[in-house]
Amino acid sequence: MMLILVTYDVSVITSDGRRRLRNIAKTCLDYGIRVQNSVFECEVDPAQFVVLKSTLLDIYNSEEDSLRFYMLGKHGKQKVDHFGAKPVDDPLRDPLII
């Protein structure tokens, strides 16, 4: 598994743009967790990353939107320091006790 950071900026001037924004966020939620409004941390294997990237590239509009992928690698979680408000609950990192 490797940590991928997905960031995007989608034009929401039109209803089509708002639809793209929702679809991109829903797709990212299938693979990871939201850490900021348009930023997701996704722990995926290489095959999952190919599908995620392809799906997102099919959704976004290259003339109006931007989409970025940061590959942080196998030990990416160890490279992340969080400070400030809104800490992210990470079920992969933090055990859930019921």
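In this predicted model, helix α1 (residues 15-31) lies across strands β1 (2-9), β2 and β3, at about 35° to β3. Helix α2 packs on the sheet as well, touching β1, β3 and β4, and its direction makes about 170° with that of β4. Helices (H or I, at least four residues) and strands (E, at least two) are DSSP runs, numbered from the N terminus. Axes are lines fitted to C-alpha atoms, for helices over the stretch in contact, and angles run from 0 to 180 degrees between N-to-C directions. Residues are numbered from 1 along each chain as its sequence is written. Local features need pLDDT of at least 70.

The sheet is open, with 4 strands in the order β2-β3-β1-β4 and antiparallel pairing; two strands pair if DSSP finds at least two bridges between them. Because β2 (32-36) and β4 (66-73) stand at the edges, each with a single partner strand, one side of each is left without a neighbour in the sheet. The twist averages 25° from one strand to the next. Strand β3 (residues 39-44) is joined to β2 by 4 bridges, and Val 39 in β3 stands opposite Gln 36.

Helices α1 and α2 (residues 46-59) pack at about 175°, with their axes 10 Å apart. This makes α1 roughly antiparallel to α2 (angles over 145 degrees count as such). Contact, meaning heavy atoms within 4.5 Å, is made by residues including Ile 24 and Tyr 31 of α1 and Val 51 and Leu 52 of α2.

Note on methods
This is a predicted model: local features need pLDDT of at least 70, side-chain atom pairs count only at pLDDT 80 or more; totals for chains, interfaces and linings use all residues. Side-chain values use heavy atoms; hydrogens and water are left out. Angles under 35 degrees count as roughly parallel, over 145 as roughly antiparallel, 65 to 115 as roughly perpendicular and the rest as oblique.
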